[in-house]
Amino acid sequence: MKPLRIWFSCVLGVTISTLLGWSNAMFMALFPVFVLVSLNRWNTGFFVHLILGIFWVSVQVSLIIGFLQPYPVLMLIAVGIMLLFKCFAMHHKSTYIFGYVGLLIGSILLNFGSYQAFDLDNFIVGIWIATLMTLPICGLAFYCFPDPIEERPIMSIQGQDKQPKAILEQTALGWLVAMAAFIIFQVANLNDSLSAQASILVILAPMTLVGSMMAAKIRIIGTLAGCMAAMAIQFVLYDMFDNPILYLVSYAIAAGIFCRWLAKDPVWAGIGFSAISALTIPLTNTMVPGQQDAFFAILYRASSILVAVIATSMMIWLGYKLLKSMPWLFSLPRQEQRHEKG
């Protein structure tokens, strides 16, 4: 039933946002998918962490940009502190979701919100609406497609408690790459590269060199599959793309294939989520029926993600080598036990 739940929530999110004309339709589809991939049964705590994480990081970004944007050095320090806490939170199961969504959504908001022409308040409201709508969408999905009661964990997430030294090393690695990405996107004026920035943080999530290299391969494969599906939908519908019924049916068929991948092992789930993202974002965020197609947007998305993934892999490798060359930086005091002679 899990593939059906994911497919139902994804299509329902796109349908609601399309019929009501809401902006940021991509979040209406991707937030429920993210939740249902992680959850096997309803878990109120998961939704609380998701909502609080997105609301809190939105407030943080608004305060940082509102008060510190005229002072670049102070803003950089504040962003560094915020991202450091998000990276640290990702190493514990109880705070992984809070840290991950804070790092991902926070980086996106910081990038777009730093441009004067961008309406940050409207963007944040759209994200809040999509976050709140995730609850009824996922609740309806669990009600319509329940799983038989069996001994399975309620949720499966990546964050795990580790040794203190490993936590420090991986937090430092994630923080270095996240800060480098923030600085690059600010200096290079990349205000239209949402997918590329998200890709950087997605492959950074494992916080290890091996895990990030695997995530990079998964991201590239999934993105190519999703872009090909989005392009196929556009070519098949052509002039009939402005028909909402044909558009939603085509999207539902393509999403159904990727949702089956999302219910498999972690590798297939990663490919499926990347494919769903590559399918959803250009068709909901760029396509304007009768006015603008998404052909060049799809090509730009694929190329920008490819460049971002390769560049991020190099940054992670360099950061890993840099941290390993300074073992003294993460050395912890050893407690020597003294045995008294009897």
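Mentor: Gladly. Let's begin with helices, which are DSSP runs of H or I with at least four residues, numbered from the N terminus. Please keep in mind that this is a predicted model.

Trainee: What makes the place of Y71 a loop?

Mentor: Helix α3 covers 44-68 and helix α4 covers 72-89, and Y71 sits between the two.

Trainee: Why is Y71 called partly exposed?

Mentor: Buried means under 20% relative accessible area and exposed means over 50%. Y71 has 48% relative accessibility, so it counts as partly exposed.

Trainee: What makes Y71, V73, L74, I77, I81 and F85 a nonpolar patch?

Mentor: Patch members need over 30% relative accessible area and no salt bridge, and nonpolar side chains are joined within 5 Å. Y71, V73, L74, I77, I81 and F85 form such a patch on the surface, with about 640 Å² of accessible area together.

Trainee: Where does F88 lie, and why is F88 called partly exposed?

Mentor: F88 lies in helix α4. Leaving aside neighbours within four places in sequence, F88 is in contact with I167 and T171. The C-alpha atoms of F88 and Y100 are separated by 9.8 Å, and these residues are twelve apart along the chain.

Trainee: Why is K2 called buried?

Mentor: K2 has a relative accessible area of 13%, which is under 20%, so K2 is buried. Its place is in helix α1, residues 2-20.

Trainee: How do you know that the side chain of K2 makes a polar contact with the side chain of N40?

Mentor: The distance is 3.2 Å. A polar contact needs a pair of N or O atoms within 3.5 Å, one able to donate a hydrogen and the other to accept it, so this pair qualifies. Setting aside neighbours within four places in sequence, K2 is also in contact with other residues, among them L36, V37, D147 and A263.

Trainee: What makes A255 buried?

Mentor: A255 has 0% relative accessibility, and the limit is under 20%, so it counts as buried. A255 belongs to helix α10, residues 244-262. Not counting residues up to four places away in sequence, it touches W7, C10, I276 and L279.

Trainee: What is the span of α9 set against?

Mentor: The expected span is 1.5 Å times one less than the number of residues. Helix α9, residues 209-237, has 29 residues and reaches 42 Å, close to the 42 Å expected. Y238 follows α9, and its phi is positive, near 55°.

Trainee: How many helices and strands does the protein chain have?

Mentor: There are twelve helices and zero strands. Buried residues make up 49% of the 342 residues in the chain. The chain exposes about 17,200 Å², with carbon and sulfur atoms supplying 69% of it.

Conventions:
Residues are numbered from 1 along each chain as its sequence is written. This is a predicted model: local features need pLDDT of at least 70, side-chain atom pairs count only at pLDDT 80 or more; totals for chains, interfaces and linings use all residues. Side-chain values use heavy atoms; hydrogens and water are left out. Buried means under 20% relative accessible area, exposed over 50%, partly exposed in between (1.4 Å probe, protein chains only). Contact means heavy atoms within 4.5 Å. Accessible areas come from the Shrake-Rupley method with a 1.4 Å probe; for residues, only the protein chains shown count as cover. Patches are made of residues with over 30% relative accessible area and no salt bridge: like charges are joined within 9 Å, nonpolar side chains (Val, Leu, Ile, Met, Phe, Trp, Tyr) within 5 Å. A salt bridge is a side-chain nitrogen of Lys or Arg within 4 Å of a carboxyl oxygen of Asp or Glu.
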